[in-house]
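Thanks for making the time this morning.

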Amino acid sequence: MSESQNATLEKLAEREYQYGFVTDIESESVPPGLDEGIVRLISSKKNEPEWLLAWRLKALERFLQLAADGTEPTWAMVDYPKIDYQKIIYYSAPKQRKQLSSLDEVDPELLRTYEKLGISLAEQKRLTGVAVDAVFDSVSVATTFRAELEKQGILFCSFSEAVQQHPELVRKYLGSVVPYSDNFFATLNSAVFTDGSFAYVPKGVRCPMELSTYFRINAVGTGQFERTLIIADEGASVSYLEGCTAPKRDENQLHAAVVELVALDDATIKYSTVQNWYPGDKHGVGGIYNFVTKRGACRGKRSKISWTQVETGSAITWKYPSCILQGDDSIGEFYSVAMTTNYQQADTGTKMIHIGRNTSSTIVSKGISAGHGRQAYRGLVHVSPRAVGARNHSRCDSLLLGSTSSAHTFPYLEIENATAQVEHEATTSKIGEDQLFYCRQRGLSEEDAVSLIVNGFCKEVFRELPMEFAVEAQNLLSLSLENTVG
Amino acid sequence: MLELSNLHASAGGAKILKGIDLVVRAGEVHAVMGPNGSGKSTLANVLAGRPGVEITQGSVLFEGKDLTALSPEERARAGIFLAFQYPVEIPGVANSYFLKASLNAIRKARGLAELDAMDFLALVREKAKRVEMDEKFLQRAVNEGFSGGEKKRNEILQMAILEPKLAVLDETDSGLDIDALRVVANGVNALRSPERALLVITHYQRLLDYIVPDFVHVLSGGRIVRSGGKELALELEQKGYGWLGAAAPR
Amino acid sequence: MSALEAARDHFVASARAFAAAADPRDPAWLRSLRAEAAASFAEQGLPTTRLEEWRYTNLTPLAKTRFELPGAEPAAVDREAVEAVCFPVFACSVFVFVDGRFRPELSSPRALSGNLRVESLAELRTRAPARLAGQLGRLADPKRHPFVALGTACLDDGACLFVPRATRVEQPIHVVQIASGAAPDRVCHPRLLLVAEPGSQVTVIQDFVSLAGARGFSNAVAEVSVGQGAAVDLVLLQRENAESFHVSNLEVRIARDARFAAHTLTLGGGFVRNDLNAVLEEEGASLRLDGLTVAGGSSLVDNHTVVDHALPHGESRQRYKCVLGGRARGVFRGRVVVRPDAQKTNASQSSANILLSEGAEIDAKPQLEIWADDVKCSHGATIGRLDENALFYLRSRGIGEAAARDLLVQGFAAELLASLPSPALAEGLTELLREQMRRAGAGEAA
């Protein structure tokens, strides 16, 4: 890397995280620590039915056992000091009256917070076509366009409300894709999850607008443990977006979410994430630990689940949005852009589990690593013995900017059926000198040239995002680039 | 406009240019010819400021200013355009987007207002027509999957839009069939004007049938061994470069 | 106690008995090398599938057999039997080891330049131990791998080849490791020590073959150092019987501007695990790893490679191809590491796999770990069947289905065979490949 490139890097490293402000709002928290009392307290605050409490307690028992056995996963290529799970506050919520009859009753300070984040909760101001569930620390504070959606039988609300209003659906599907015993962080989530979004699209309905959840961590010392459940019934289709931000703090905060998707016959779910949790400062202090379990079950014939993620935030990202392709002719997709700058670390990828006949999956992963960023793609393609005619194509490219960054690729291909056709390709290289020179000869600054080339590198993934998000993602990437890279 | 004196340059540790003197004035078209390895492309790259090409001695002045201190983008904004011998592919970046970013960077540097999407589109459509380039190329990624001829046309399109003061064409004719050559040459000729200078680097005389130069220079062994009018090119065509062997200082 | 733990205890006991009975003239360093290795093995034990390195390879079948070291009496093997397994195409110096021990009376060393010859480790360690000191056990670290530890703990005999500075050995050197099968359930620990001094050039074929159908276990350890500017080609040919367990560890260090190529050809064996660990220690080192596996029956063939680029301007290329029939399982785990100093590294890795039958299975894990930015690294993996169109095309021209499959597999393997250091070897192997295909394709034990 040339002198001038290094200088560009340093100059750009000065940029600050845009969403790092703190909302001053009175909130109600439980004391830090994790035991049966806390789990019971969370459950009672939410007025949960007995079966759900029992489920949480089973998860808690298992988690405490796992923690005692020291079986926190260590296989990912990330380093962080040991987390003390007894020091985390598992529940924090802005104080408000019990029932809100309309958005007008939401604390104006909260509305302002979301305005500042570019998310207007006032329906008339929203771009039509996007319904938003806003999750602030441990609870959902508002969900827009609910009534309009309900006209078509679409249920979109916070998870807590779903438990009250549609317990039969929640009970049927909760833990059916990610069981409480699935993995260390999913088990923790199952014990202490507080809120999240719930969506159900009934038979034959194509959801007329994008559903979206905006997650915000605000309180100090808390973890965020949300749970999202989306069900597309036969022939239904839905596109769902999530966005996330958090204030700048010197401490690391844990975010351990679980997302479960269920697609029945001929249903389609498109799930897009633009993850911009606070990444820590340029010395690697602070930032969110984003340890998330996301999985979709293509249960029905010809069902399709598509994950698109743009990961630019978090100090550490540990997530593998996956598809279980159970239904014959079902389709799984994973499109990912992950960017690590400063001291960020990401170990991310997907699992495509082929079980039904003639299932197919596509994986496109683009990793960009700059500064001291460290990044690993980790993906599994599993074709089980009965999965006749399975197809997979994977493409993983890594771009390195700067000599202190690193990029790693760990695909696992487990093929137990001879009719499978599986192809995996991966490349790692630095940004092309020729490309940089070409752009600069046309008058672009080095900074703009890098941003342009990187955006081009990610194009295959961006085009999978809903329009509005694609623009946001590009901006985010350019901003992150500014954050550390030339 | 451009003044090279005793220019020495090396690339990848090898000394390539060994003392070039050349003056190009506004309105002039200069052709630089020479065999492979004579330093033609290095000369083009020195002017555009390619990293890795190092000036070891001598000077390069552009409109009286020392070029060596400027970054590639500063030179581009000052009005130097290099049509690449091997135009670079940039996957995922639409050609039109690239052109607009480039044009606006240059306009901004010249104190002009940036063009909005509509005005830009009108401009690019008109220019694309002139180089007989299908509009669909504007939506495709920069040079990706373009044929050799399409890439060169794209270079000329960029030049037409950016309207440089000095355009350096590095073997723009190589790999072109006669039709493509004619289109490219028409595009170049359309840009000839009293305020603009052209430096046409080529191996073959053929291009000069279409872009008629005012001066021809023969480069060999890193030096200009002969200079003359357009008839020199014809002489080279007949005799080849072999006869230069004796004349060329080693 | 699990089978793995029981097997560990058994191997530890037999390593102790071996050490107690070892030649009293052995130098002290060798005794302590064995003792430390035995302790290291006892500590590591036989790995479970919970360890990432062994995720796809379960050692329980190996652990279930109580393998014993061969007895003191050498197995009765005659020259004819040896010649029957060494094809005439290997018209080169042949050095024969039976059950891990050197058998000069069965070997036919032809004149090699500068009186160069393969020497017996058993002989050297008593006659001239100084030549081994500092070389033997230098690269193969018992702590790194339990089977290196086990092999080192029982270090007895093996092939040593020191190629002096600037010596070019024109003809390939053929080292045959024969499992006699005279008694069942024998384990041997064939060792290879190859030191190519600067500027030298040599081709070595290490050939593992069984004479009988008896079950056996060979645990091979090889150490290869390639000096500055030297060039070494090493062919590892594995064609033991379908009852055999075969574990091999190859440690390679490549110096400045040196070139090393390994050709790992697995055309036999029931349970095969090959670990290859190559370090490009200095600038401008070059590495080629080719691997070809054809297996059927219920065989398991597991190839693990680690290519470690430590300094700039290194180049490595790996091509692994695997054809599986019957209920055979193939595993490929290749790791390319590019260290922070290894700028301008060019590394590629490919794993191509063909599954011929319903029951066959492949697990591939190609990995890139890149810590330097100015590099070009790529990997690719493909898994599929033989091209149905090509198969149909051949059959429509009157070629029988089996022959057509053979032909396509040969085509698949062709580029690897073409890269072999001797055309005669490639030719001999083509026949072997065909035989193995018949076994794999017919679903018989490979």
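Let me begin with a term: a residue is called buried if 20 or more other C-beta atoms lie within 10 Å of its own, exposed if 12 or fewer do, and partly exposed in between, with the C-beta atoms placed from the backbone. What you are looking at is a predicted model, in which local features need pLDDT of at least 70 and side-chain atom pairs count only at pLDDT 80 or more, while totals for chains, interfaces and linings use all residues. Residues are numbered from 1 along each chain as its sequence is written, and chains are lettered from A, and ligands numbered from 1, in the order in which they are written.

With that in hand, is Gln349(C) buried or exposed? Gln349(C) is buried, since 25 other C-beta atoms lie within 10 Å. This residue sits in strand 18 of chain C, residues 346–355, where helices (H or I, at least four residues) and strands (E, at least two) are DSSP runs numbered from the N terminus. If we set aside its neighbours within four places in sequence, Gln349(C) is in contact with Gln318(C), Gly334(C), Val336(C), Pro366(C) and His379(C), and by contact I mean that two C-beta atoms, placed from the backbone, lie within 7 Å. Arg25(C), by comparison, is 324 residues from Gln349(C) in sequence and 46 Å from it in space, C-alpha to C-alpha.

Staying in chain C, helix 6, residues 146–153, has eight of its eight residues buried, so it is largely enclosed by the rest of the structure. Those residues are Pro146(C), Phe147(C), Val148(C), Ala149(C), Leu150(C), Gly151(C), Thr152(C) and Ala153(C). Their cover includes helix 1 (3–21), helix 2 (28–44), strand 7 (191–196), strand 9 (216–226) and strand 11 (245–254) of chain C.

For chain C as a whole, there are nine helices and 20 strands. Its radius of gyration, taken over C-alpha atoms, is 21 Å, close to the 22 Å that the globule rule (2.2 Å times the number of residues to the power 0.38) gives for 446 residues, so chain C is as compact as a globular protein of that length. Of those 446 residues, 53% count as buried, and among contacts between residues at least 6 apart in sequence, 82% join residues at least 24 apart.

Turning to chain B, we find ten helices and twelve strands. Here the radius of gyration is 18 Å, close to the 18 Å that the globule rule gives for 250 residues, so chain B is likewise as compact as a globular protein of that length. Along the principal axes, its C-alpha trace spans about 55 × 40 × 35 Å, and 45% of the 250 residues count as buried.

How do helix 6 (residues 148–162) and helix 7 (residues 178–190) of chain B cross, and at what angle? Their axes, which are lines fitted to C-alpha atoms over the stretch in contact, with angles running from 0 to 180 degrees between N-to-C directions, come within 10 Å and cross at roughly 10°. That makes the two helices roughly parallel, a label for angles under 35 degrees, whereas over 145 is roughly antiparallel, 65 to 115 roughly perpendicular and the rest oblique. Helix 6 of chain B contributes Gly149(B), Lys152(B), Arg153(B), Ile156(B) and Ala160(B), and helix 7 of chain B contributes Ala180(B), Val183(B), Val184(B), Gly187(B) and Val188(B).

Chain A, finally, has twelve helices and 24 strands, and buried residues make up 59% of its 486 residues.

Now to how the chains meet. Of the two pairs of chains in contact, chains A and C share the most contacts, with 29 residues from chain A and 31 residues from chain C taking part. On the chain A side, strand 23 (406–415) and strand 24 (421–430) each supply at least two residues.

The contact between chains A and B takes 22 residues from chain A and 21 residues from chain B. Helix 9 (433–441) of chain A gives the largest share of the chain A side, seven residues. No contact joins chain B and chain C, whose closest C-alpha atoms lie 14 Å apart.
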